[in-house]
Amino acid sequence: MQKLTYALTIQLEDTDNFENWEKLVRAAESLEGGLNRNSSPQAITTVRDVYDRFLLKFPLLFGYWKKYADLEFLIAGTEAAEMVNNTSNYKDDPANIHQGL
């Protein structure tokens, strides 16, 4: 939990720093030695929140959408993984890319 708290602190200091976000994702993924169906509800909620915020900030990173779907499969099964996959499909639509890029 200390690792997660530290990662969150440095991420909040510079919310545009991709490396800090990666550290936060890795720290969340490593909660309880790695998440699975038997993980605590708090750990599961934490990692979902981290992934949701990370992918909101960086929606075009397919590899992280896949990691999130794989994690959901481990935690909650096929339906949860499919929901992540369906959510990630919007990223492929050019209309969703900001005009300012």
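Me: What makes tyrosine 6 count as exposed?
Reply: In this predicted model, tyrosine 6 has 57% relative accessibility. Exposed means over 50%, so tyrosine 6 counts as exposed.

Me: Why is H3 called roughly antiparallel to H4?
Reply: Their axes cross at roughly 160 degrees and come within 11 Å. Angles over 145 degrees count as roughly antiparallel, so that is the name for H3 and H4. Their crossing is left-handed.

Me: Which residues meet where H3 touches H4, and how many of them are charged?
Reply: Residues of H3, including Val47, Tyr51 and Phe54, meet residues of H4, among them Tyr64, Tyr68 and Leu71. The contact divides into 11 nonpolar, no polar and 4 charged residues.

Me: What makes up the largest nonpolar core?
Reply: This core has 22 residues, and those with the most contacts inside it are Leu35, Val47, Tyr51, Phe54 and Leu55. Helices H1 (2-13), H2 (18-29), H3 (41-57) and H4 (62-76) each give two or more residues. The largest share, 7 residues, comes from H3.

Me: Which residues is phenylalanine 54 in contact with, leaving aside its neighbours within four places in sequence?
Reply: Phenylalanine 54 is in contact with Phe18, Trp21, Val25, Leu61 and Tyr64.

Conventions: Residues are numbered from 1 along each chain as its sequence is written. This is a predicted model: local features need pLDDT of at least 70, side-chain atom pairs count only at pLDDT 80 or more; totals for chains, interfaces and linings use all residues. Side-chain values use heavy atoms; hydrogens and water are left out. A nonpolar core is a set of buried Ala, Val, Leu, Ile, Met, Phe, Trp, Tyr and Cys residues joined through side-chain atoms within 4.5 Å. Buried means under 20% relative accessible area, exposed over 50%, partly exposed in between (1.4 Å probe, protein chains only). Helices (H or I, at least four residues) and strands (E, at least two) are DSSP runs, numbered from the N terminus. Contact means heavy atoms within 4.5 Å. Axes are lines fitted to C-alpha atoms, for helices over the stretch in contact, and angles run from 0 to 180 degrees between N-to-C directions. Angles under 35 degrees count as roughly parallel, over 145 as roughly antiparallel, 65 to 115 as roughly perpendicular and the rest as oblique. A crossing is left-handed if the near helix is turned anticlockwise from the far one by less than a right angle, and right-handed if clockwise. Ala, Val, Leu, Ile, Met, Phe, Trp, Tyr, Cys and Pro count as nonpolar, Asp, Glu, Lys and Arg as charged, and the others, Gly among them, as polar.
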